[in-house]
Amino acid sequence: MKNNDIEKALSSAVTRLVPEDTFDKVTKSIASAEGRSLYMENTTRKNRRSHNWLKAAAAVIVIVTLAFIGAGYYNNNLSVDSIVDIDVNPSIEIKTNKKDVVLDVKALNEEALVILDGMDLKKLDVNVAVNAIIGSMVRNGYLIDGKNGILVSVRNEDETKAHTLRNMILSDINDTLKQGGVSASVINQTVSSDKETEELASKQGISYGKAAFILKLLDKGVELSAEELAKMSLRDIAALILKNDITIKDIIDYDEDDSVLENIKDDIDDKNEENAHKPENAITLDEAKAIALADAGVSGVTFVEAKFEHDDGKNFYELEFRKGGVKYEYEIDAISGSILEKDIEGKREESSSAPEVSEAPKEESKVPETKLITLDEAKAIALADAKFSADEVVFTKERLFDGARKIYDIEFTAGGKEWDYEINAKNGQIMSFDSELEDDDEVIFDTSKDNDNTSKADRISASEAKKIALDHAGFSESDVIFAKVELDNDDGRYVYEVEFIKGRFEYDYEIDATSGNIIEHEKDDFD
Amino acid sequence: MDNILTHDLHISAQTSARNEDLIDRIAFGDMDALHELYLQTSASVYGFALSITKNTHDAEDVLQDTFIIVHRKAKDYSSSGKALAWILTIAKNLSLMKLREKGRTTDIDELSNDARFSVSDGTDEMLILRSALSILDEEERNVVMLHSITGLRFKEISGLLELPLGTVLSKYHRAIKKMREFLKEKNNEK
């Protein structure tokens, strides 16, 4: 039995095993969750915004707060020994007795209700409960990609006890995160308990630890209100700290190193570097936003993206925002303020009734919604762009992609490559295209850098390159497993990189794509 | 005759652009797009989840939860040309959570009780899948299953499993060899 047959059999067996009704379950679950989130929208999620998480952060930031409850503070409920708050976006408060058994678990906001949905954590050991909560957060899509922060606050009257509990919970969270392939970066904070912190926490629906942190930042002269800070993510707060050069060493201490803050700092440095290219006579970001909004004829939008770009000697602002189910993308010249590019996409059913559309740009409104270009026209557009005539190509796919956007998907082979075009059926615009060598990894030709003298037709094909390598090694194609056949542009020279496996050896070849000569070859034992 | 491998790579490159577009539309609440993405990637997600959990019920749960999260998180997805890898990362995390809940005690024997998994099911396909799940170690299994079902490149598999490329290639080679020998023995038994 050949490798290919084993792979085919595995693929086919799994495909047969996929349950038929799972997608129905997905849609039902989404429908019920949407009912719930509508409710949330009306309550605490009004101000939830999309977080621009730090790309470089490899670890979940965990701020652990220890607070020592003053004697008599909780005398009205003697059975409560410790209070553990967990705050991601959902905020959850866990009360335990002296034996660390959970007495009560409370959702402090609506998102937490979803996390705790159907869980009865009372009478469980606190670490089991924390485990279940973190697990539920992962299942609900939090903490998935290591770009979140967790705030853990432990409150107890006894310092030793608080430390013990902290360590227990922390190691548990760490284990849970490790299972998900994410590590935790821990920041410690020790606070004393007071009424002001309590009140802020309960008023804003945040953890005690976050409230304490915010109050300390306010003491340092941060120019935001407690309410504004409460709504910010941990990462955004950290960015603010760095931006304003606030020393927080006296508020918190780091367990290991400064990597968390370093990462954030790098992120900010990158931004500064972007801005370094900005000429002095450039318009401001706010001005650019105003130009885009005026052109789109909308207001009160949330910008998904708004940044200065310096590319190819051009200075421009890149802006993206959404309004009424329509996505707007603008590029505004940073000097003249003129619109370099705009792209407006919207949901068909909403945009037909949304008032914004009547004010949409002229290019779009010239073609009425219902009138689409024909398939033949779309094919002609693709051919003209690829510079082939109809009899030189073989069409492998021609389809009207009839989703929210009307797109013709045109694929054809010509000149040893496969071309894939997506053409806007409304206006004939080419949405995207790429060309790949047949039987090959994706190769996108950047014609602007294509400065070698050989035309594409002069190059050998991927199959020829494979054959040259195989002949040299003395194998036939069915003997080996191909790991890679890729056309690379190496300093203006086109080279095929061919990699295959035979037995316990890996073979690497570099083959000149013009002459077919073997430039380099290597045989490695990887066992 | 095309080598199936390069053929798969080809498909992988082509579909990734489309998946990106689908995720973009999902972010706008387009359920048709979610369905299309599901049709295109459910076997990959299910296969990967099955490879990690070795349990069809868990794999089904993971499949369901993965697409719920894809729907919820589509707006946060930043286009990187690696839509399938993103989806599979979600599936991986959910699968690992499943394992953790169960304390990693899952055994291949559970599969014997699954009617759909019966070996007498006509073809050898189920036998081959069973062999992959039973005789291969975790890493070998994940590499072979991902490569067979998802069409991801070894390089991408190496990123997803957080293993060096050399390890992925050697695991793949060893796994295929093990399965070949196992199947040969099975055939001789007949």
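Predicted model: local features only at pLDDT ≥ 70, side-chain atom pairs only at ≥ 80, totals over all residues.
Visitor: Okay, so at what angle do helix α7 and helix α8 of chain B pack?

Guide: The angle is about 135°, and their axes are 10 Å apart. α7(B) and α8(B) are therefore oblique to each other.

Visitor: Is the crossing of α7(B) and α8(B) left-handed or right-handed?

Guide: That crossing is right-handed.

Visitor: And which residues make the contact?

Guide: From α7(B) you have Asn142(B), Val143(B), Leu146(B) and His147(B), while α8(B) brings Phe154(B), Ile157(B), Leu160(B) and Leu161(B). Sorted by class, that gives 6 nonpolar, 2 polar and no charged residues.

Visitor: New topic: the largest nonpolar core. Which of its residues touch the most other members?

Guide: Leu10(A) and Leu129(B) do, out of 69 residues in that core. Helix α2 of chain B, residues 31–53, supplies the largest share, with 11 residues.

Visitor: What is Leu10(A) in contact with, neighbours within four places in sequence aside?

Guide: Its contacts are in chain B, including Leu129(B), Ala132(B), Met145(B) and Met179(B). Another core, of 25 residues, lies apart from the largest one, and Ile94(A) and Leu116(A) are among its members.

Visitor: Now Gln64(B). Buried or exposed?

Guide: Gln64(B) is buried, because its relative accessible area is 16% and buried means under 20%. This residue lies in helix α3 of chain B.

Visitor: Which residues does Gln64(B) contact, leaving aside those within four places in sequence?

Guide: Thr22(A), Lys25(A) and Val26(A).

Terms used. Residues numbered from 1 in each chain as written. Chains lettered and ligands numbered in written order. Heavy atoms only, no water. Axes fitted to C-alpha atoms, helices over the stretch in contact; angles between N-to-C directions. Helix = DSSP H or I, 4+ residues; strand = E, 2+ residues; numbered from the N terminus. Parallel < 35°, antiparallel > 145°, perpendicular 65-115°, else oblique. Left-handed = near helix turned anticlockwise from the far one by under 90°. Contact = heavy atoms within 4.5 Å. Nonpolar A, V, L, I, M, F, W, Y, C, P; charged D, E, K, R; others polar. Buried < 20%, exposed > 50% of the residue type's maximum accessible area, 1.4 Å probe, protein only. Core = buried A, V, L, I, M, F, W, Y, C linked by side-chain atoms within 4.5 Å.
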